[in-house]
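Please keep the sequence and the structure open while reading.

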Amino acid sequence: MSFFEIFGFALRGVAANKLRSGLTVLGILIGVAAVILLVAVGTGSAKQVEDSLAALGTNTLTVQGGRGGDTGYRTDLTLDIVKALQDKESAPDVKSVSPVVNSAQTLTFGDASYDVNSVIGTYPSYFSASNSVVASGSGFTEEDVDQAARVVVLGPTTAEELFGTTVDPVGQRIGIAGQIYSVIGVLAKKGSTGFNDPDDVAIAPLPAVQRSLTGYGPVSSITIEAASADAVAAAKAEITAILNAKMHVADGASSTPYQIRDASQLLETRTATAETFTVLLGAVAGISLVVGGIGITNIMMVSVTERTREIGIRKALGAPRRVILSQFLIEATLLSLLGGGLGVAAALIGANFEIVGIKPVIMPDSVVLALGVCVAIGLFFGSYPASRAAGLRPIDALRYE
């Protein structure tokens, strides 16, 4: 008997019970679609993180204070340290230095109010260092910093939440924790990472924020822009030397009371987290494929039982063991592949929509892997029922009722 004849028998076997075959296909479909989509969500999350960090600028370094040093003391970042970092003789590879204070506040406009994630007090150089482009209006100036002017530049998310889409924010006066600020600009959209929204921000002159919101304490962090991407390593070394001198860190100290992070470090950390997230999602979704495989075993066992007399007749007429074995393996693989193909189609359709705020990015490798696993599932989980069918003795099969 040729392969095509065996394949024809397998097709008729699958079509003999459409409901049962359909339920089996549905189980595989759900499993495959879940695997591809969840891996796509993880990949999309990693891509959004990369895009977001790229938007911060490849030349950017961030200094954060905290506990450190051999004695565990706390050293704060101060404006005196900022001035030292701005010294071109000590740090020739540093282009700009922007102290940052950060506070979550409630913004109000008329009867509307909005809790913004981050009200930032800083210098004008922060816009360039953080790659924050003003889309409408303008940013504030050094003169605004000197005068502690209560002016603010809003992120696009903040502006839309507070003003909607019909009111132009530029020129409006808003309340920030009860203090009146004038909106002078709105930033261009950067896009969400899926975990936080860099567009949900309000940026104002450092002295104004300190005077009205945070007080004149230490700054939260210092954002530094290196002269170029190639100068990041040199700038980091210069910053380290200055910080060690200003914070009295001894040579050879096992730890320091500060951290310096650049975009590549942040990208590496976030990407590793996103990859772990993707693996976990894929593993969870893979369980549904295994469940679908168990379903194939059950369905094929029922099919063998129902068709015992048919198998007996065929074997009595001379059908060899390999023909029976091949037929049932083909049936199991067909069910698996049909479910896999429909699952891929469902995943491709689902990838057009955002899932938990993330745009899925389907990887061709995940599609090939899912279909390969489908074939493996059909062969593996169909092998026992097929072997049982092929091993039936004709006389026992013919007497089966």
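Residues 323-349 are 100% helix and 0% strand, with the end C-alpha atoms 39 Å apart; helices (H or I, at least four residues) and strands (E, at least two) are DSSP runs, numbered from the N terminus. The model is predicted, with pLDDT of at least 70 needed for local features and 80 or more for side-chain atom pairs, while totals for chains, interfaces and linings use all residues. Residue numbers start from 1 along each chain as its sequence is written, and side-chain values use heavy atoms, leaving out hydrogens and water.

**Overall make-up**
- The protein has 13 helices and 11 strands.
- Of its 401 residues, 47% count as buried (under 20% relative accessible area; exposed is over 50%, partly exposed in between; 1.4 Å probe, protein chains only).
- Among contacts (heavy atoms within 4.5 Å) between residues at least 6 apart in sequence, 78% join residues at least 24 apart.
- The accessible surface is about 19,400 Å², and carbon and sulfur atoms account for 59% of it (Shrake-Rupley method, 1.4 Å probe; for residues, only the protein chains shown count as cover).

**Annotated spans**
- An unreviewed UniProt entry lists residues 21-42, 277-302, 323-349 and 361-384 under "transmembrane region"; the positions follow the numbering used here, feature names are shortened, and annotations may be inferred rather than shown by experiment.
- Residues 21-42 are 100% helix and 0% strand in the model, and their end C-alpha atoms are 32 Å apart.

- Leu19, Leu23, Leu26 and Ile30 make a nonpolar surface patch of about 410 Å².
- Patch residues have over 30% relative accessible area and no salt bridge; like charges are joined within 9 Å, and nonpolar side chains (Val, Leu, Ile, Met, Phe, Trp, Tyr) within 5 Å.
- A salt bridge is a side-chain nitrogen of Lys or Arg within 4 Å of a carboxyl oxygen of Asp or Glu.
- Isoleucine 30 belongs to helix 2 (residues 18-56) and counts as partly exposed because its relative accessibility is 47%.

**Helix 7**
- Helix 7 (residues 206-214) is largely enclosed by the rest of the structure, because seven of its nine residues are buried.
- Those buried residues are Leu206, Pro207, Ala208, Val209, Gln210, Ser212 and Leu213.

**Serine 221**
- Serine 221 is in strand 10 (residues 221-226) and counts as buried, because its relative accessibility is 11%.
- Leaving aside residues up to four places away in sequence, serine 221 touches Thr62, Val63, Gln64, Leu77, Ser98, Pro99 and Val100.
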